[in-house]
Amino acid sequence: MNKFSIGVDLGGTNLRIAAVDDQGALVEKVTLGTKVSRGRDHVIADMCDAIQRLSDKFKDTAPMMGIGIGVPGIIDMQTGLVRESPNLPDWVDYPARAAIEQRLKTVVILENDANVAAMGEKWLGAARDYADMAMLTLGTGVGGGLVLGGAIWCGANGMAGEFGHTTVEPDGQLCGCGNHGCLEQYASATAIVRMAREAIARDSNSGLARAASSDAEFSAKSIYNLAIQGDEEARRIYRYVGRCLGIVLSTLVNSLNLPIYVIGGGVSSAWEAFSPSIFEELRQRCMVYAATAPSDAPAGNHGASAHVEAGPGHKTIITRALLGSDAGLYGAARLPMIASAKR
Ligand SMILES: [Zn+2]
C-alpha cells in the first residue's frame with residue numbers, strides 16, 4: 001500500500017470505519033453499532049477509538065493522508081457544526097468537528113453522508129468515468145449529493161444536494177423537514193412501508209395485508225418481493241416511487257444537464273420495480289432528457305451494457321449505484337486524498 005486514509009460512515013444504526021488506500025482498495029473495515037441512546041459523547045468516543053486503532057495499525061506501513069467522516073444531517077461546513085440530524089437526535093447545533101479533532105488531535109473532514117456516498121460512486125462506482133454526477137440515496141430517508149469537476153458541490157453553507165426535500169406533491173404528506181410532499185415521503189424505505197399500510201387500510205384482504213400480518217419485519221424489501229411476484233398493489237406502490245423519482249430527476253436533468261445520475265441506497269435494490277416509471281416520467285417531462293436519452297434508455301441499467309447510441313453528443317445516463325452500502329466509506333476516505341492533492 002502506497003498511502004492510505006480513514007473513512008467513516010456514521011449511521012444512525014451502524015458506525016463503520018475503514019482504512020482505504022489511494023488506489024481505492026479497502027485495507028480493513030470495522031463495523032460497530034452506533035450507540036445513539038448513550039449520547040453523542042459516547043458515539044464520538046467509540047468512533048475516535050476505532051479511528052485511532054486503525055491509524056496506529058497501519059501508520060508504520062504507509063503514510064496516512066487524513067480522516068473523512070460522513071455524517072447524516074445538515075452540516076455547516078465552515079464551522080463544522082452539525083445543525084441537525086434526524087438519526088442522531090442530540091446532535092443539534094453540535095460542534096462535532098471540534099469535538100472529534102480535540103480527541104484525535106488532528107484535523108478531520110466532516111461531510112454530509114449522502115454527499116460522501118456520491119463521492120464514493122464517483123471515485124470507484126457507477127460514475128467513475130465522469131467528473132460531474134448527481135446521486136440520490138434511497139434509504140430510511142432520501143439523500144442527495146452533487147459532484148462537479150470531481151469535487152463535492154457543497155453550496156455556500158455546505159447544505160447543497162438536498163434533493164430528497166424537493167416537492168413532488170404540493171399538498172402531500174408532511175415531511176420531517178416541515179414541508180409537505182417531499183420526495184422523501186414517497187421514495188424512501190419508510191415511505192414505501194407507509195404507502196403499503198395505507199393500501200392495507202383501504203383493503204384488508206389484499207396480498208399486502210396478508211404479507212404484513214404474517215411478516216413481523218414487514219419492510220420495503222417485503223413489498224418489493226410481492227411486487228416481483230406480481231402483486232398489483234405492491235407494483236403500484238413501486239411505480240409511484242419511480243414516478244416521484246422521475247419528477248425530481250426531470251428537474252435535475254433540465255437544470256444541470258449532467259452526464260450521469262446514480263440511484264443508490266437500500267431501496268435501489270428494487271430497481272426493476274421502480275426504474276421503468278422513472279424513464280417514463282423523464283421521457284414525458286424532461287426536454288433535456290428527450291434530447292439526450294441513450295437509445296436503450298427505457299430498458300434500465302446502462303452500467304455495463306455496450307449499446308449503439310443514436311445521434312451525436314453526450315448522453316444522459318440514469319443508473320443504479322454499484323458500491324452498495326460501502327459507497328459512503330469509500331467517499332469519506334476519498335475526501336482527505338482530494339484535500340491533500342490541493343495542498
Ligand atoms: Zn422534507
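Analyst: Let us begin with contact, which means heavy atoms within 4.5 Å. This is a predicted model, in which local features need pLDDT of at least 70 and side-chain atom pairs count only at pLDDT 80 or more, while totals for chains, interfaces and linings use all residues. Residues are numbered from 1 along each chain as its sequence is written, and side-chain values use heavy atoms, with hydrogens and water left out.

User: Which residues is V193 in contact with, leaving aside its neighbours within four places in sequence?

Analyst: They are F218, S219, A220 and I223. V193 belongs to helix α5, residues 189-202; helices (H or I, at least four residues) and strands (E, at least two) are DSSP runs, numbered from the N terminus. A220 is 27 residues from V193 along the chain, yet their C-alpha atoms are separated by 5.7 Å.

User: Is V193 buried or exposed?

Analyst: Buried means under 20% relative accessible area, exposed over 50%, and partly exposed in between, with a 1.4 Å probe and protein chains only. V193 has a relative accessible area of 19%, so V193 is buried.

User: Which protein atoms are the donors of the zinc ion?

Analyst: Donors are N, O and S atoms within 2.8 Å of the metal (3.2 Å for Na, K and Ca); water is not among the atoms, so sites may look incomplete. Here the protein donors are H165 (ND1), C175 (SG), C177 (SG) and C182 (SG), lying 2.0 to 2.3 Å from the zinc ion. Along the chain they follow the spacing H-x9-C-x1-C-x4-C. Four donors count as tetrahedral if all angles lie between 85 and 135 degrees; the angles at this site are 102 to 120°, and the site is tetrahedral.

User: How many residues has helix α8, and what is its reach?

Analyst: The expected span of a helix is 1.5 Å times one less than its number of residues. Helix α8 (residues 232-256) has 25 residues and reaches 35 Å from its first C-alpha to its last, close to the 36 Å expected. After α8 comes N257, whose phi is positive, near 50°.

User: What is the order of strands in the open sheet?

Analyst: Two strands pair if DSSP finds at least two bridges between them. The five strands of the open sheet have the order β10-β9-β8-β11-β12, with mixed pairing. Its edge strands, β10 (151-152) and β12 (317-320), each pair on one side only. Strand β11 (residues 260-264) runs parallel to β12, and four bridges join them; I263 stands opposite R320 in β12.

Technical notes:
Four donors count as tetrahedral if all angles lie between 85 and 135 degrees; four count as square planar and six as octahedral if opposite donors are over 155 degrees apart and all others between 65 and 115; anything else is irregular.
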